[in-house]
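Subject: Structure handover

Hello,

Please find the structure below. My notes on what was found in it follow.

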Amino acid sequence: MANVLLDVKNLSVHYKILSGWVYAVDGVNFKLEKGHTMGLVGESGCGKTTTGYGITQLLASNAFIKEGSKVIFDGRDFVEMSTVPDKKLKGYRRIIEYHPEMRKYRWSRISMIFQGAMNAFNPVYKVGDQIIEAILTHEDITEEEARKRVEELYKLVGIPVDRIDNYPHEYSGGMKQRAMIAMALALKPDLIIADEPTTALDVVTQDRILGEMANLQKKEKVAMILITHDVSVVAEMADEIAVMYAGHLVETGTTRQVFKETAHPYMEALLSAFPNIKGEKKRLKAIPGSPPDLSNPPKGCRFAPRCPYAKDICLEEEPPVVEVAPGHFAKCHFAEELYGELGGERNE
Ligand SMILES: Nc1ncnc2c1ncn2[C@@H]1O[C@H](COP(=O)(O)OP(=O)(O)OP(=O)(O)O)[C@@H](O)[C@H]1O
Ligand SMILES: [Mg+2]
């Protein structure tokens, strides 16, 4: 990878709760190149949002980052920048609430489209004013110039320009979503983290907005982490895919590799639980069982209790991350044996 923009190394984010810890993100590694899109997929509760927020360090107050985690963005480590060792919790770092340097990166270099972005705008201010405000906070331009930029952005995302002065409740859901995308692009960031950006919308609108997002992103050469539980969305949009299960990345690689040469049983299960992306009719198999409780994850492989290929070792030992092909990794004891055998797209 020549042009690495983001290098996440061994990222662990755990939540402190009354009865102990929730091991939401545990030892996550991936790299993202400039201008590339990475799809982060997995079932509900597997740690996708926590990973996204762990990058921008916008975590809940009970979140702690494990010592040894690194989030290197354009050469700077965000963990070092915005956390300090916690005095009481050994081995953990706590996020400094107000960190001017980190704030400079947010929105201007990395922007986020939050899960449930429908309600991200403040209801008492006009939508356009909120975007103008964000621009003015970060850039030394006049209000008029900022307004001009918002007008251009509205044209770009397909909202009539005269809607700039409306309040959030006057927007439809799709319009709010588009406005969020405009907001995310307003400061010409290098990276957008889009957390389920369109799940609340109907399929037609979702497809259109995602298509437009992909175009804008290509035009502006913005990298994106697209978080979704819907594998068919990432199949179309992502260059690389990271598959998350119970706080671990279980498979990473190019979209082609992960879809066509699936190496982890969980990805195989995810693929068979979703309608075929080519629209062919096929019986959908639900994945039996449910993801583990992350405050008490099973020892060994976290997917083993639901895995049709599991053997004794899987229940005992945490699997290593195996590189099954150049740039294609799977966290599985039997990755090498299963590689080429699992039913990805290829077998349909
Ligand atoms: N502030 C918190 N305190 C304690 N546990 C939390 C907190 N926030 C999230 N969790 C737990 O962390 C785990 C990962 O949650 P996260 O929101 O990252 O998952 P997700 O993959 O984004 O799920 P979804 O697809 O439903 O959005 C879950 O078990 C969740 O209940
Ligand atoms: Mg989420």
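The shell around ligand 1 divides into 7 nonpolar, 7 polar and 2 charged residues. In this count Ala, Val, Leu, Ile, Met, Phe, Trp, Tyr, Cys and Pro are nonpolar, Asp, Glu, Lys and Arg are charged, and the others, Gly among them, are polar. The shell has 16 residues, and the closest are Ser44, Gly45, Lys48, Thr49 and Thr50; a residue is near a molecule or strand if one of its heavy atoms lies within 4 Å of it.

Before the rest, the conventions: this is a predicted model, in which local features need pLDDT of at least 70, side-chain atom pairs count only at pLDDT 80 or more, and totals for chains, interfaces and linings use all residues. Residues are numbered from 1 along each chain as its sequence is written, chains are lettered from A and ligands numbered from 1 in the order in which they are written, and side-chain values use heavy atoms, with hydrogens and water left out.

Ligand 1

Strand 1, strand 2 and helix 1 (48–56) each supply at least two residues of the shell. Helix 1 gives the largest share, 3 residues. Helices (H or I, at least four residues) and strands (E, at least two) are DSSP runs, numbered from the N terminus.

Polar contacts are pairs of N or O atoms within 3.5 Å; within protein, one must be able to donate a hydrogen and the other to accept it, and residues adjacent in sequence count only if both atoms are side-chain atoms. A backbone N or O atom of Gly45 lies 2.7 Å from an oxygen atom of ligand 1. For Cys46, a polar backbone atom is 3.2 Å from an oxygen atom of the ligand, and for Gly47 the corresponding distance is 3.0 Å. Taken alone, ligand 1 exposes 640 Å², and the protein buries 69% of that. Accessible areas come from the Shrake-Rupley method with a 1.4 Å probe; for residues, only the protein chains shown count as cover.

Pocket and cavities

Rolling a probe the size of a water molecule over the atoms shows where empty space is left. The search runs on a 1 Å grid over the protein atoms alone: a cavity is a set of points where a 1.4 Å probe fits but cannot get out, a pocket is an open set with protein on both sides within 12 Å along at least five of seven lines, and lining residues have an atom within 4 Å of a point. Grid points are joined across faces, edges and corners, and a volume is the space filled by probe spheres set on the points.

The largest pocket has a volume of about 580 Å³. It is lined by 29 residues, of which Asn29, Phe30, Lys31, Thr252 and Phe329 are the closest to its centre. Two or more lining residues come from each of strand 1 (4–17), strand 2 (20–33), strand 12 (240–245), strand 13 (248–254), strand 14 (321–325) and strand 15 (328–331). Strand 13 gives the largest share, 7 residues. By class, the lining of this pocket has 12 nonpolar, 8 polar and 9 charged residues.

Phe329 is found in strand 15. Phe329 is partly exposed, at 31% relative accessible area (buried means under 20%, exposed over 50%, partly exposed in between, with a 1.4 Å probe and protein chains only).

There are 6 cavities of 30 Å³ or more. The largest cavity holds about 80 Å³ of space. Of its 13 lining residues, Pro265, Cys301, Cys307, Cys314 and Cys332 are the closest to the centre. This lining has 11 nonpolar residues, 2 polar and no charged. The second largest cavity holds about 50 Å³, and its lining has 5 nonpolar, 3 polar and 3 charged residues. Among the residues that line the second largest cavity are Tyr245, His248, Cys301 and Lys331.

Backbone angles and loops

Most residues other than glycine have a negative phi. Lys221 has a positive phi, near 50°, and lies in the loop between helix 7 (203–220) and strand 11 (223–228). Ala246 also has a positive phi, near 45°, and lies in the loop between strand 12 and strand 13. Are these residues buried or exposed? Lys221 counts as exposed at 66% relative accessibility, whereas Ala246 counts as buried at 2%.

Regards
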